[in-house]
Amino acid sequence: MGNGPDNLIAGLTFATIYNRVANLISINAGVLAIAQWAQAATEPHFRAWLGKTAQALPERFPGFPEENLASGAILDQIDQIASEYHKNTVSAVNAAALVFGHTVTDSVIDELLEISARGVPERWRTDQEEFRVTLEELRQTSLEDYMRKALSRLVQRQKAKSLPVKMQYLFTISRCGPESFGIELDAELLGAADLARHAIVHGVKFTEPIERLHGMLDANLFAAQAAVFAVAQSCGYHHVIDHTGIVFNSTGATAIVEPERPAAAGSPPPVTEASQN
């Protein structure tokens with residue numbers, strides 16, 4: 001990380017990151033379909049399997065009174081166990097969906113922090129960083145080296161924070177937020193998703209309903225999209241959405257167009273870099 005803007009940052013830099021975010025759209029849709037199936041269909045399967053297992057008890061355990069199989073107590077236990085299996089399955093599927101979406105968003109934000117520090121280093125408060133050095137180190141190290149170290153230290157410090165906090169930091173550094181791009185970001189759901197993800201990795205069962213999971217996944221997706229647009233704009237690029245998809249423009253940028261490939265059904269539009277007219 002140098003003191004001035006990084007000239008290697010191009011529209012393709014943001015196009016590549018945006019494509020990773022856009023993939024979340026189809027991934028979330030698939031995961032939510034699995035979650036909805038688990039919620040609707042697994043309990044009858046569990047109950048049928050437990051019923052068959054119970055019917056085999058007299059064969060496996062000679063002397064087991066068959067009349068007990070028809071008792072209300074056995075049937076209630078089967079229902080209770082099936083319900084518990086069902087809840088655990090739904091919880092596991094939903095938790096996996098949330099953790100995956102959060103991980104992708106978190107990695108995107110960490111990468112955008114690096115790009116922001118390279119693209120607009122003057123907006124990062126390196127002048128507030130402190131160093132303890134000897135006179136010998138001071139003679140041998142230039143001020144630019146200390147500024148690079150300070151910038152790197154700031155980036156690592158932001159990466160260690162929670163997703164909502166470093167997201168807000170990016171918007172502050174970029175001097176624009178989701179509303180600048182017509183994106184409605186639910187900060188409450190974003191924060192709830194971050195807390196839920198933290199609880200999941202520490203062994204807590206995820207019990208939120210499927211509708212709230214959907215909102216959490218959307219919050220992660222919209223936050224990542226807004227962050228890409230905000231950092232791109234702060235680095236001198238802005239996106240344009242038209243019938244061809246999304247294009248990142250910059251004055252004087254060299255047009256780089258990816259080769260055309262057949263688009264998969266339901267896939268998001270491709271992203272290319274083009275020079276500004």
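## Close-up views of the predicted model

View 1. Arg-175 counts as exposed, at 64% relative accessibility (buried means under 20% relative accessible area, exposed over 50% and partly exposed in between, with a 1.4 Å probe and only protein chains considered). The structure is a predicted model, in which local features need pLDDT of at least 70 and side-chain atom pairs count only at pLDDT 80 or more, while totals for chains, interfaces and linings use all residues. Residues are numbered from 1 along each chain as its sequence is written, and side-chain values use heavy atoms, with hydrogens and water left out. The loop between α6 and α7 holds Arg-175; helices (H or I, at least four residues) and strands (E, at least two) are DSSP runs, numbered from the N terminus. Although Arg-175 is not a glycine, it has a positive phi of about 60 degrees. Most residues other than glycine have a negative phi.

**View 2. The chain as a whole.** Eight helices and three strands make up the secondary structure of the chain. Read from the N terminus, the order of elements is α-α-α-α-α-α-α-α-β-β-β. The chain has 277 residues, of which 39% count as buried. Its accessible surface comes to about 15600 Å², and 56% of that surface belongs to carbon and sulfur atoms; such areas come from the Shrake-Rupley method with a 1.4 Å probe, and for residues only the protein chains shown count as cover. Of the contacts (heavy atoms within 4.5 Å) between residues at least 6 apart in sequence, 79% join residues at least 24 apart.

**View 3. The largest nonpolar core, with 58 residues.** A nonpolar core is a set of buried Ala, Val, Leu, Ile, Met, Phe, Trp, Tyr and Cys residues joined through side-chain atoms within 4.5 Å. Phe-14, Leu-98, Leu-112, Val-228 and Phe-248 have the most contacts inside this core. At least two core residues are supplied by each of α1 (11-55), α3 (72-119), α5 (143-159), α6 (163-174), α7 (187-201), α8 (210-234) and β2 (245-250). Helix α8 gives the largest share, 15 residues. Apart from neighbours within four places in sequence, Leu-112 is in contact with Ile-17, Leu-170, Ala-227, Val-228 and Val-231. In soluble globular proteins, nonpolar side chains tend to be buried together.

**View 4. The crossing of α7 and α8.** The axes of α7 and α8 come within 8 Å and cross at roughly 105 degrees; axes are lines fitted to C-alpha atoms, for helices over the stretch in contact, and angles run from 0 to 180 degrees between N-to-C directions. The two helices α7 and α8 are therefore roughly perpendicular (angles of 65 to 115 degrees, whereas under 35 counts as roughly parallel, over 145 as roughly antiparallel and the rest as oblique). From α7, the contact is made by Glu-188, Leu-189, Leu-190, Ala-192 and Ala-193, and from α8 by Arg-212, Gly-215, Met-216, Ala-219, Asn-220 and Ala-223. These residues divide into seven nonpolar, two polar and two charged (Ala, Val, Leu, Ile, Met, Phe, Trp, Tyr, Cys and Pro count as nonpolar, Asp, Glu, Lys and Arg as charged, and the others, Gly among them, as polar).

**View 5. The crossing of α6 and α7.** Here the axes of α6 and α7 come within 9 Å and cross at roughly 140 degrees. That angle makes α6 oblique to α7. Leu-163, Pro-164 and Met-167 of α6 meet Leu-190, Gly-191 and Asp-194 of α7 in this contact. By class, the contact of α6 with α7 has four nonpolar residues, one polar and one charged.

View 6. Gln-158 belongs to helix α5 and is buried, with a relative accessible area of 6%. Leaving out residues up to four places away in sequence, Gln-158 touches Leu-113, Trp-124, Lys-166 and Tyr-169. Gln-225 belongs to helix α8 and is likewise buried, with a relative accessible area of 11%. With residues up to four places away again not counted, Gln-225 touches Tyr-18, Val-21, Ile-25 and Ile-183.

View 7. Pro-209 is placed in the loop between α7 and α8 and counts as partly exposed, at 42% relative accessibility. Arg-125 lies in the loop between α3 and α4 (135-140) and counts as partly exposed, at 48% relative accessibility. Arg-125 and Ile-173 are 48 residues apart in sequence, and their C-alpha atoms are 9.9 Å apart in space.
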